[in-house]
Amino acid sequence: MRLGRLISGGTKGPGLFFIMPCIDTFHVVDLRVLSFDVPAQEILSRDSVTVSVEAVIFFRINNPVISVTNVNDAQFSTKLLAQTTLRNVLGTRTLSEMLSERDNIANVIEKVLAEGTEPWGVHVQRVEIKDIRLPYQLMRSMAAEAGAARDARSLIILADVLINKLIYNIFRSLAEAASTIGSSSVSLQLRYLQTLTNVASEHNSTIVIPIPMEIARYCARKWCKFTAKNL
């Protein structure tokens, strides 16, 4: 700059260039990617939980001219804007959203910072949330709740295993009983007589007595022989 005015041609360098002493002033601008830590911010979440949040910002100067002419200190202004943006964005989220949606929150903060720092010639490349610190009492409560949930799940799994084992044993016993009864005709007849006794005890006026298959087959053979002789 010469006498407070920007010299035609814009920026100079890198390399050698000439300046007029006492008339020209210059500002050295670092065009590399820079970073800074956002100090821990005490934030009240939407569900009234106070948390301490730390973040880190990565940025670079993409327009050295307006970073000098439009703002007094581009890096310091970006840092202040990052602090206020972090508080504003996280203040609209619940605690569960802060813990589970870090990437989404970081993208929102990055977008807001990019829009705010564009007139300063600053390009925010990345925002990372370093740490979210919870109050000690809240951490103990969450740990106790998680332990109770794990115990409940383990009890449910154990109950399912016991029920499945009991059902398996019942079906196995029924299958063994059916196999034993089916292998003995005497057992089938005894079961048949027991069923008739149970039906008769209900004071029914009509009892349907099924004919055993052995008698039916015997009668069928006799009928076939009788008809064969008469033909």
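A residue is termed buried at under 20% relative accessible area, exposed at over 50%, and partly exposed in between (1.4 Å probe, protein chains only). By this criterion, Arg133 is partly exposed, with a relative accessible area of 47%. The structure is a predicted model, in which local features need pLDDT of at least 70 and side-chain atom pairs count only at pLDDT 80 or more, whereas totals for chains, interfaces and linings use all residues. Residues are numbered from 1 along each chain as its sequence is written, and side-chain values use heavy atoms, with hydrogens and water left out.

Side chains of opposite charge can pair when their charged atoms come close. With a salt bridge defined as a side-chain nitrogen of Lys or Arg within 4 Å of a carboxyl oxygen of Asp or Glu, the structure contains seven salt bridges. One of these joins Arg133 to Asp131, with the closest N and O atoms 3.0 Å apart. Asp131 is partly exposed, at 25% relative accessibility. Both residues also belong to a network of salt bridges that links Glu54, Asp131 and Arg133.

A further salt bridge is formed between the side chains of Arg126 and Glu128, at 2.6 Å from N to O. Arg126 has a relative accessibility of 49% and therefore counts as partly exposed; Glu128 is likewise partly exposed, with a relative accessible area of 27%.

Asp30 and Arg32 also form a salt bridge, their closest N and O atoms lying 2.8 Å apart. In this pair, Asp30 is partly exposed at 30% relative accessibility, while Arg32, at 60%, counts as exposed.
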